[in-house]
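Have the coordinates open as you read.

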Amino acid sequence: MALTRSSFLAILAIFVLTFVCSTEARRLKRLSPVSRHASPIDLSKFQVPLSNGSASLPPPVTGLSLKAITLGRGTQNYTCAAGSTAPPVSVGAKADLLDATPLLPSLPSSESQLILNLLPEYLVSFDFATIENSSIPILGKHIFDAAGVPTFDLGKLGLLKAKKIANITAPATACKGANGKGNGAIDWLALTDAPGSSELKEVYRVHTAGGKAPASCGGGPARSINVDYAAQYWFFG
């Protein structure tokens, strides 16, 4: 049977995550900080995905430049009150932001963005121990602070305290969760800076995989629900 283009890209995406990323990460860790950043990757040819096929997020503010492309892998977090049959209540998220930059030179130039777009679908099925053992470089962290503000800490690249400016649903074909099973993919978001930010001005969460809570708490005791997810995060400043 002939290999379809979509299958070929999927195989490349899996290869990138399991082999190329690990090898490149270990190479980068062996380099000194000066050598590591001697030849920065030109991000200008990459365009943040804005359309889900039927609706679009607003474009980045004119004058901003792309500072980082990351792959978020973590959990969307919810709570259920005792006896509740209502939908679980979102209480934030927590994720590692994996640096996609080392992957870019390894991707076929004509297919690089398409392969990037496939990576969350496979990354959501990687457990955290696998990610840690693979030495995929972690560029930063995503949490919600004590005030419930979405926070993205990219170290020297900056800190973004964010507020939502737009959201659209993930495409109907988006990965529902780990191993293709789950309640669906969380929305795509456009977020802008809030007080407390430094250097970074906007972030887009796109090509989401998983993360949605079940439709109902289903009764029972009070509890927390943590749902695995992955997504692309594009940072501008």
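Q: What makes F235 count as buried in this predicted model?
A: Buried means under 20% relative accessible area. F235 comes in at 0% relative accessibility, so it counts as buried.

Q: What about F152 and Y233, buried or exposed, and how do you know?
A: The cut-off for buried is again under 20%. F152 has 1% relative accessibility, so it is buried.

Q: Why is the ring pair of F152 and F235 called edge-to-face?
A: Two things get checked: rings pair if their centres lie within 6.5 Å, and planes over 60 degrees apart count as edge-to-face. F152 and F235 have centres 5.6 Å apart and planes at 70°, so the pair is edge-to-face. This pair links distant parts of the chain, with F152 in strand β4 and F235 in strand β8, 83 residues apart.

Q: Then what makes the pair of F152 and Y233 tilted?
A: Planes under 30 degrees apart would be stacked and over 60 edge-to-face, with the rest tilted. The rings of F152 and Y233 lie 5.5 Å centre to centre with 55° between the planes, and the pair is tilted. Here the link runs from F152 in β4 (residues 150–153) to Y233 in β8 (residues 223–236), 81 residues apart. Ring pairs join F152, Y233 and F235 into a cluster, and the structure holds three aromatic pairs.

Q: How do you know that V48 is buried?
A: V48 has a relative accessible area of 12%, so it is buried, the limit being under 20%. V48 lies in the loop between α2 (33–36) and β1 (66–80). Leaving out neighbours within four places in sequence, V48 is in contact with P60, Y204, W234 and F236. V48 and F235 are 187 residues apart in sequence and 9.4 Å apart in space, C-alpha to C-alpha.

Q: What strand order closes the barrel?
A: Eight strands close in the order β1-β2-β3-β4-β5-β6-β7-β8, with antiparallel pairing. On average, neighbouring strands of this sheet are turned by 30° against each other, direction ignored.

Q: What makes β4 and β5 count as paired?
A: Pairing takes at least two bridges between the strands. β4 and β5 (residues 159–168) have three bridges, in the antiparallel sense. D153 stands opposite L159 in β5.

Q: Which strands does α3 touch?
A: Helix α3 (residues 112–123) packs on the sheet and touches β1, β2 (89–99), β7 (202–210) and β8; the direction of α3 makes about 165° with that of β8.

Q: Why is α3 described as largely enclosed by the rest of the structure?
A: Nine of the 12 residues of α3 are buried, so the helix is largely enclosed. Among the buried ones are I115, L116, L119 and Y122. As for span, α3 reaches 17 Å from its first C-alpha to its last, close to the 16 Å expected.

Q: What makes C80 and C217 a disulfide?
A: The sulfur atoms have to lie within 2.5 Å. C80 and C217 have an S to S distance of 2.1 Å, and a disulfide joins them. The structure holds one disulfide.

Q: How do you know that the link of C80 and C217 is left-handed or right-handed?
A: The angle about the S-S bond is -85°, and the link is left-handed. C80 is in strand β1 and C217 in the loop between β7 and β8, 137 residues apart. C80 is buried because its relative accessibility is 4%, and C217, with a relative accessible area of 4%, is buried as well.

Definitions and conventions. Residues are numbered from 1 along each chain as its sequence is written. This is a predicted model: local features need pLDDT of at least 70, side-chain atom pairs count only at pLDDT 80 or more; totals for chains, interfaces and linings use all residues. Side-chain values use heavy atoms; hydrogens and water are left out. Helices (H or I, at least four residues) and strands (E, at least two) are DSSP runs, numbered from the N terminus. Buried means under 20% relative accessible area, exposed over 50%, partly exposed in between (1.4 Å probe, protein chains only). Contact means heavy atoms within 4.5 Å. Rings of Phe, Tyr and Trp (its six-membered ring) pair if their centres lie within 6.5 Å; planes under 30 degrees apart count as stacked, over 60 as edge-to-face and the rest as tilted. Axes are lines fitted to C-alpha atoms, for helices over the stretch in contact, and angles run from 0 to 180 degrees between N-to-C directions. The expected span of a helix is 1.5 Å times one less than its number of residues.
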